[in-house]
Structure formats: C-alpha cells, structure tokens
Amino acid sequence: MPPRQPYQDVIDDTGPDGSMKVVMRLANVLKAIGRYAPDGASFTDVGRETELGKSTTHRLLAALADAGLVYQDLESKRYRLGSTIALLGASALAQSYASACRRALEEVARVSGDTVFASVVEGSGAVCIARELGSFPIRTLVLNVGDRRPLGVGAGSLALLSAMDDGTVARMLERNRKWLGDYPSYSLDEILADVQATRSNGYALMRGKIVPAIWAIGCAIPDREGRPVCALSISAIAERLSGDRVEAMAKLLRAQAVEVGALLDSLKP
C-alpha cells in the first residue's frame, strides 16, 4: 500500500461526489474566517459556522495553512486569511476591471487611433491592467500590462491620484518619496501642481515627462463613493495631443469612463 500523503484524509470522502464535498467544505471554512475579519476566527467559530466536527475542522485548517490560504496568529490562536488569498483577490479584481474596461479600450483606440491603457490603484502605485493598440502607425508603447509606477507618474496614474482627497494625496506622495527618485523629471511640488491642474481641467495631461516626444491624457473612473478605482488613458506622439484634439480626446475618455463606472457599479452586490 503506497504511503499516505499529508492531509489525504481531508480529500477522501465517500460517494462519487467526494471531491466536490471537500471543495465546498474548504470554501466554507475560508468564508467563515473571512466573516470574522479583521480580528480572526477562533477554532470554535470556524466549527460552529461550518457545522463540521472538530477533527475535520482541524484537518481542513491545517491543509489551508500549508497552502498559505490561512494562518493562525501565534498569540491569539485565531485564524485569519493568508497572504495568498490577498494575492488571488487582487488578481481577480484586476481581471474584473480589465474585463469591464475592454469595450471602452477598444472604442477609444478605434476613435483615436492611438494606444489606450487601463490602470488601477495598487498601494501607492498604479498598475497597467490592459492595453489596446490603435490604427495609427506610430505606436507609443510606454506601458506593458503589469507595469507599475508611483501614483502621479503618467497620465492614468496622475488621474487616479488627483481623484483622491488632499490628505490621501499627501500620504501617497510621502510614501513614494524614495520611489520618485527613479523619475528625475518628477518632483513632489510638480506632482502637486499637476494634481491641481488635473482637477481644474477634468483630465490629466502629461507633456513628455517620461518620454520627451510622447504625450498622454487620462481620466479616472470613481466608484459609488467617489474613490478612484481605475483610469483610462491615451498615449500618442506630441503632435497628436495638442490643440483642439486634447479636448476631443478628453471628452471621449470621460464618456467611456462613465460607461465603465456604470458597469462596475452594476457588478457590485
């Protein structure tokens, strides 16, 4: 008889639907712990919430802990969701936003002919979650999906920062003080001035600060509470983002931002 694998008894069950039962049990344990955030759930809480026996609850918690999905606080002995759950949640959220922005990206790229990006807030930075190429032969690929910049650096990132309240803006810039050293064309005072200009104009405009010949324009998408959740931005050679075309592209971005915002609201419970 082959040696028994660790926690194999957790995945053994009777009947043809045994694996499905185990998945449901694991999911219920995770949900139970999540309901007790941020203090965490005791062993008794988990057992009561899931209506599982003590031995089964123990084995499930041990298996989840080995996978990094939960952890037990050494002092309180309470269980909390692990860092892997946070990473999965962030990935799921980014994918959800990217999906919601897809039609808008395609429409803006079609109308503008330029490269269009979607970005979301991640900590004190902005991460590119999607990109769409327009038909104009000179493409400005200033961001790849997954690239992360400090809030305030780049049009989409600046749009996100500018949609935050003054206190949050100050905290983000202070947190990014060292990171901004990687971007010598950006100072704290200049970013604050850019924030004020963005709020006044209703859109963020970057004039060749990262790549001299490339300009960009961005617009934030707020949630129901007015907090910025993502941003749409257009990047193009300077000649294509000057004069009346700036206002035309800003209008296009704002219209699509409204549609994406409505879609995101409809997806929330």
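The legends below describe close-up views of a predicted model.

Residues are numbered from 1 along each chain as its sequence is written. In this predicted model, local features need pLDDT of at least 70 and side-chain atom pairs count only at pLDDT 80 or more, while totals for chains, interfaces and linings use all residues.

**View A. The two assigned domains.** The domain assignment, whose bounds come from an automatic or database source, gives domain 1 as residues 16–90 and domain 2 as residues 95–267. Taken over C-alpha atoms, the centres of domain 1 and domain 2 are separated by 38 Å.

**View B. The annotated span 20–83.** An unreviewed UniProt entry carries the annotation "domain: HTH iclR-type" for residues 20–83; such annotations may be inferred rather than shown by experiment, and their positions are given in the numbering used here, with feature names shortened. The span is 59% helix and 9% strand, and its end C-alpha atoms lie 25 Å apart, where helices (H or I, at least four residues) and strands (E, at least two) are DSSP runs numbered from the N terminus.

View C. Strand S3 (residues 115–122) pairs with S4 in the antiparallel sense over seven bridges, pairing being assigned if DSSP finds at least two bridges between two strands. Glu-122 stands opposite Gly-125 in S4, and two residues lie between the strands of this hairpin, in which Gly-123 takes a positive phi near 65 degrees.

**View D. Strand S4 and its pairing with S5.** In strand S4 (residues 125–132), six of the eight residues are buried, that is, under 20% relative accessible area with a 1.4 Å probe and protein chains only. S4 also pairs with strand S5 (residues 148–150) in the antiparallel sense, over three bridges, and Gly-125 stands opposite Pro-150 in S5.

Terms used. Heavy atoms only, no water. Buried < 20%, exposed > 50% of the residue type's maximum accessible area, 1.4 Å probe, protein only.
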